[in-house]
Amino acid sequence: MILIFLNPGHSLGGNPDPGCVNPRCRLRECDLAITYGSLCGKYLEAAGCEVSLLQSHNLAGESPEYPCVVAAANAWEADVFVSIHVNAGGGRGGGNLLLLATRRRRAAGRLHPKAAH
Ligand SMILES: [Zn+2]
């Protein structure tokens, strides 16, 4: 079984870090990231993967009052780590960013053939 750790970007609920925010409609990156992460997690579980999901802006312990993403992923011994962001492109456009890290190339290859190269 592949263990997949999903990290929707920025803070759960947007405080203190909502990510990018659309100034007109107030749509926040943190809300999109948790929605995409939750949907992705359900899909992966249905496909037979084990999923853990944590949304926190505290990636490596820089904000100790919040859950540390890297420590949680390592403690869980995740095979694959996916961080989900929906960037604003500096205000000139948009971009989706998916950061993928794996402990085992074989696991990555089963998820996506290009990930193993
Ligand atoms: Zn982001």
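Helices (H or I, at least four residues) and strands (E, at least two) are DSSP runs, numbered from the N terminus. This is a predicted model, in which local features need pLDDT of at least 70 and side-chain atom pairs count only at pLDDT 80 or more, while totals for chains, interfaces and linings use all residues. Residues are numbered from 1 along each chain as its sequence is written.

H1 covers residues 29–46; at 1.5 Å a residue its 18 residues should span 26 Å, and its end C-alpha atoms are 26 Å apart, which agrees. The expected span is 1.5 Å times one less than the number of residues. Glu 29, Cys 30, Ala 33, Ile 34 and Gly 37 are the buried residues of H1. Seen down the helix axis, these buried residues fall within an arc of 125°, so they line one face of H1; the arc is that of the directions from the axis to the C-beta atoms. On the other side, Leu 39, Lys 42, Tyr 43 and Ala 46 are exposed. A residue is buried with 20 or more other C-beta atoms within 10 Å of its own, exposed with 12 or fewer, and partly exposed in between. An α-helix has 3.6 residues a turn, so residues three or four places apart point the same way.

S3 is mostly covered, with six of its eight residues buried. S1 and S3 run parallel and are joined by five bridges; strands pair if DSSP finds at least two bridges between them. Ile 4 stands opposite Val 80 in S3.

Some backbone angles deserve a listing. Most residues other than glycine have a negative phi, and most peptide bonds are trans.

| Site | Backbone angle |
|---|---|
| His 10 | phi about 75° |
| Arg 26 | phi about 65° |
| Gly 48 | phi near 100° |
| Asn 15 to Pro 16 | omega near 15°, cis |

His 10 lies in the loop between S1 and H1 and counts as buried, with 26 C-beta neighbours inside 10 Å. Arg 26 lies in the loop between S1 and H1, but is exposed, with 9 other C-beta atoms within 10 Å. Pro 16 is found in the loop between S1 and H1. Gly 48 follows H1.

The chain has a mean pLDDT of 84, and 76% of its residues reach 70 or more; pLDDT is the predictor's confidence in each residue, from 0 to 100. Among the elements, S2 has the highest mean pLDDT (98) and helix H3 (residues 105–111) the lowest (50). Where pLDDT is low, the predicted coordinates should not be read in detail.
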